[in-house]
Amino acid sequence: MKVYLDNAATTPMDPEVIEAIIPVMQNNFGNPSSIHSFGRGSRAIIEKARKQAAAFINAAPGEIVFTGGGTEADNMVLRCAVQDSGVTHIITSATEHHAVIDTAEILSKNCKDLKLSLVKHDEKGYVDLDYLKQLLEENKDRKTLVSLMHANNEIGNKLPLKKVSVLCKEYGAIFHSDTVQTMCHYEFDVRDLEIDFLTCSAHKFHGPKGVGFLFVNQNIQIKPIITGGAQERNIRAGTENIIGIVGLTKAMEVAYRDIKEHQDHVQGLKTYMIEKLEALIPEVTFNGDPKGDSLYTVLNVQFPNSDMDEMLLYNFDIEGIAVSGGSACSSGSNTGSHVLRNIGADMTKPSIRFSFSKYNTKEEIDYVLSVIEELFVAKTV
Ligand SMILES: Cc1ncc(COP(=O)(O)O)c(C=O)c1O
């Protein structure tokens, strides 16, 4: 049996998405910037997609900038905030995706006036909101960007977006949330959230890879970091990925159409796996707070030590089970997760991230549990 439980790294494309893309590949090759009918046809498709994408999160079409995925969108936020919005202080977390934390570190090294502050986490791995308030208070005289992800891609812990947004407003700070793991897994209303930036990546919800968008609140003006063309209202140069954009909006449509059903199904699988694992291996613990305010697609399990610690991912792989030891970028390796290290997890024990999608079944989870039983119950030292 082959079981794919690495959906936080990427998801398989939905057949409805593939179906929507094929006619665009066949018929709509015109450059959207060309003024002839071929170009105008492509332009119309992109603008329709922009309107649709915006509507799903209650944004205006002009607030959606299509990008080459989540990493690019995250980069745009941090770089533009410093370049265009006069930001001299970034508050983020050591547990952010590398697209955010590495970019923040590079910027703070290169810009001498830029201060970088990192939030603390509580013992369960949640962002310490009192400390966030303290950082904002202590740096009142600086223009601050707060960049904190909605749900952590490795451990699943969520951030109360509205609460943080209100706090940021109180201190006049710009608020960005990396919503790559939660967009199309939860409903978003950007007007209610009063948030400044959100980032989206299509391949995390059964869309194509290499396409996403940045939501830029209409109150914020940014300039391009990729230059050389007037595309995306002068904010992101380069001929648009029309195939990807159509796939992205179709994936959004499919996800939001059946969102409740998928949430219940996937949460059911996660809860089932937690209960069975606890019964099977009493020494098992979980990184983060999977029974608390946790992303329903992610379960990060800390297994007891055994004689195959180093080989655990490989052992799952030879049994046909795809899982991850860290973030998407470090799939295939179970060493050195910066997230686990920074929440104070026990790094001497092997941790595995199981991440689920609407396509997983209870039978698949039973198979995974039977492999775990074989690997652990007899072999625990
Ligand atoms: C939280 C988070 N942000 C950003 C990204 C990067 O997105 P992309 O793969 O579209 O560049 C990922 C992907 O793993 C992610 O999980």
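**Domains and ligand shell**

Colleague: What domains does the assignment give for the protein chain?
Modeller: This is a predicted model. The assignment gives domain 1, made of 3-12 + 259-377, and domain 2, which covers 15-257.

Colleague: How many Å separate their centres?
Modeller: The centres of domain 1 and domain 2 are 27 Å apart, taken over C-alpha atoms.

Colleague: And how many residues are in contact?
Modeller: On the domain 1 side, 33 residues. They touch 35 residues of domain 2.

Colleague: What area is buried between the two domains?
Modeller: About 2,800 Å². Carbon and sulfur atoms give 50% of that.

Colleague: Which residues in domain 1 lose the most area to domain 2?
Modeller: Ile259, Asp293 and Leu295. Together they make up 23% of what the domain 1 side buries.

Colleague: Switching to the ligand. Which residues around it come nearest?
Modeller: There are 14 residues around the ligand. Thr71, Asp178, Gln181, Ser201 and Lys204 come nearest.

Colleague: What does Asp178 do there, in terms of side-chain atoms?
Modeller: An N or O atom in the Asp178 side chain is 2.6 Å from a nitrogen atom of the ligand. For Gln181, a side-chain N or O atom is 2.8 Å from a ligand oxygen atom.

Colleague: How much of the ligand does the protein bury?
Modeller: Taken alone, the ligand exposes 400 Å². The protein buries 90% of that.

Colleague: Which helix gives the most to the shell?
Modeller: Helix α3, residues 70-84, with three residues. At Gly70, a polar backbone atom is 2.8 Å from an oxygen atom of the ligand.

Colleague: And how does the shell divide by residue type?
Modeller: Three nonpolar, eight polar and three charged.

Technical notes. Residues numbered from 1 in each chain as written. Predicted model: local features only at pLDDT ≥ 70, side-chain atom pairs only at ≥ 80, totals over all residues. Heavy atoms only, no water. Near = heavy atom within 4 Å. Polar contact = N/O pair within 3.5 Å; in protein donor to acceptor, adjacent residues only side chain to side chain. Areas by Shrake-Rupley, 256 points an atom, 1.4 Å probe, with all protein chains shown as cover. Helix = DSSP H or I, 4+ residues; strand = E, 2+ residues; numbered from the N terminus. Nonpolar A, V, L, I, M, F, W, Y, C, P; charged D, E, K, R; others polar. Domains from an automatic or database assignment. Contact = heavy atoms within 4.5 Å. Buried area = accessible area lost by both parts, 1.4 Å probe.
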